[in-house]
Amino acid sequence: MTAVTRTFGAMSIAELSALIQMGKVDPIEVTESVLSGIKAYPDKAVFISLLEDRALAEAQGSSKRLKEGRSLGLLDGIPIAWKDLFDIEGLPTTAGSKVLKKAAPATKDAAIVDLLKQAGMVAVGRTNMSEFAFSGIGINPNYGTPHNPHGKDAPRIPGGSSSGSGVAVAAGLVPVAMGTDTGGSIRIPAGFNGIVGYKATRGRYAMNGVYPLATSLDSLGPLCRTVQDAVWVDAAMRGLTVPQTARQPARPLDIVIPTNIVFDGAEPGVVAAFEAAIERLAKAGARITRLAFPTFDELPKLMVKYGPMVTAEAFALHREKLSGPDAEEMDHRVVARTRLGEKTSLSDYIAIVENRARMIAETEALIGDRFVAMPSVAHVAPQIAPLLKDDELFFATNGKTLRNTGFGNFLDWCGVSIPCGSGDAGMPVGFLLSANANCDETLLQAAMAYEETIRG
């Protein structure tokens, strides 16, 4: 086999796929190298568990197919890490929590895990996460908090809830990791860690075997190195053998930038990196419009009046845990936030649902077939220590972290976070490009075509 100068985990899917398909490297060699890299990585909080036996068996199957000329396609032999929300046959799904360690093992893989196995991907491990996926910060007192690999001055947060998935890719341990997104849990870690994160329209993929947080908001998607990588994984997640997304959009990029809420309290470095990307896009022929989104002003008032939809649904899911001894073993911040959902009555919840439908329709009419652009998060990844010491600071930071991405979940958008530069302390800044529900193909097409311009 030909020697490579970079670790396999630090490669894009496309780069590694080319080596595997040409026979330059063997999937077994790739998998052994990736597993060794994960074990050697000093931050032991990135992965909750490794799937060594399964990974090596899947790699051996891939190697045999390739030697016999029976490749399953572009993803055959590519390692993938799974957030600890996806059922893996034979293991309990712990959702980043100690209280689920005693749960019955999954009798089969989650539907998405099975689809990517059918595409030849190799499951190497389960990544850490915010407990029960209920935080945009990524702190986890049960399994430790993965450190953002870009933090050089002090340990900084990874972003949540797909914290381990974001760090695993950013640190070069795996080329792709799967995440879930209820309020920003793919796009936030992508933005904080300087990688690509794609949140699909809710319902684009099968959700069987995925531990929920709030089913009215939950969605899935990959964290990876390039938009093209996301396109390849997206196709396999829908059972397609090849991607159907065209490489070039049919028309110039037409972007709307919200003028209200999303820049409130934004760090100057984040704004500068975002605006520099917008300037590059404009020079490349993109049409840029700035206007206020009435629903952005309305949503916070709706949440004050009735309570957040996510906390109402999370409380319904975890009611029994919160009323018993399990609550003592849970992250007290997760417990406190989840219990807020008890205040939302049935009539309040119905009012949220009815208002949401109206607000989605109004915003879809405002956007039309344009894209929405904003910073993925209004600040770079903050240091961990102050957040551990001060719960009030934690909750304030969590709210601000989830703010921009949360609009997309409530309004049922799809979105892609792409690195666009750096802000304070040299930390990455994410550029969030979003579109209305079920415009995923158009969004991915535009994101792939303009990725280099956005990155600068």
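**Salt bridges and pockets in a predicted model**

Glu-275 and Arg-290 join their side chains in a salt bridge, 2.8 Å from N to O. The two sit 15 residues apart, Glu-275 in helix α8 (residues 268-283) and Arg-290 in strand β8 (residues 287-291). This is a predicted model: local features need pLDDT of at least 70, side-chain atom pairs count only at pLDDT 80 or more, and totals for chains, interfaces and linings use all residues. Residues are numbered from 1 along each chain as its sequence is written, and side-chain values use heavy atoms, with hydrogens and water left out.

**Salt bridges**

- The whole structure holds 27 salt bridges (a side-chain nitrogen of Lys or Arg within 4 Å of a carboxyl oxygen of Asp or Glu).
- Glu-275 is partly exposed at 25% relative accessibility, and Arg-290 is partly exposed at 44%. Buried means under 20% relative accessible area, exposed over 50%, and partly exposed in between (1.4 Å probe, protein chains only).
- Glu-298 and Arg-358 also pair, at 2.3 Å from N to O. Glu-298 lies in helix α9 (residues 294-306) and Arg-358 in helix α13 (residues 346-367), so the bridge ties together parts 60 residues apart in sequence. Helices (H or I, at least four residues) and strands (E, at least two) are DSSP runs, numbered from the N terminus.
- Arg-187 bridges to Asp-181, with the closest N and O atoms 2.8 Å apart. Arg-187 is buried at 1% relative accessibility, and Asp-181 is buried at 0%.

**Largest pocket**

- On a 1 Å grid over the protein atoms alone, a pocket is an open set of points where a 1.4 Å probe fits, with protein on both sides within 12 Å along at least five of seven lines; lining residues have an atom within 4 Å of a point. Grid points are joined across faces, edges and corners, and a volume is the space filled by probe spheres set on the points.
- Of its 29 lining residues, Met-303, Pro-308, Val-310, Arg-337 and Leu-402 are the closest to the centre.
- Helix α15 gives the largest share of this lining, 9 residues.
- The lining of the largest pocket has 17 nonpolar, 10 polar and 2 charged residues. Ala, Val, Leu, Ile, Met, Phe, Trp, Tyr, Cys and Pro count as nonpolar, Asp, Glu, Lys and Arg as charged, and the others, Gly among them, as polar.

**Second largest pocket**

- The second largest pocket holds about 220 Å³.
- The lining of the second largest pocket has 11 nonpolar, 4 polar and no charged residues.
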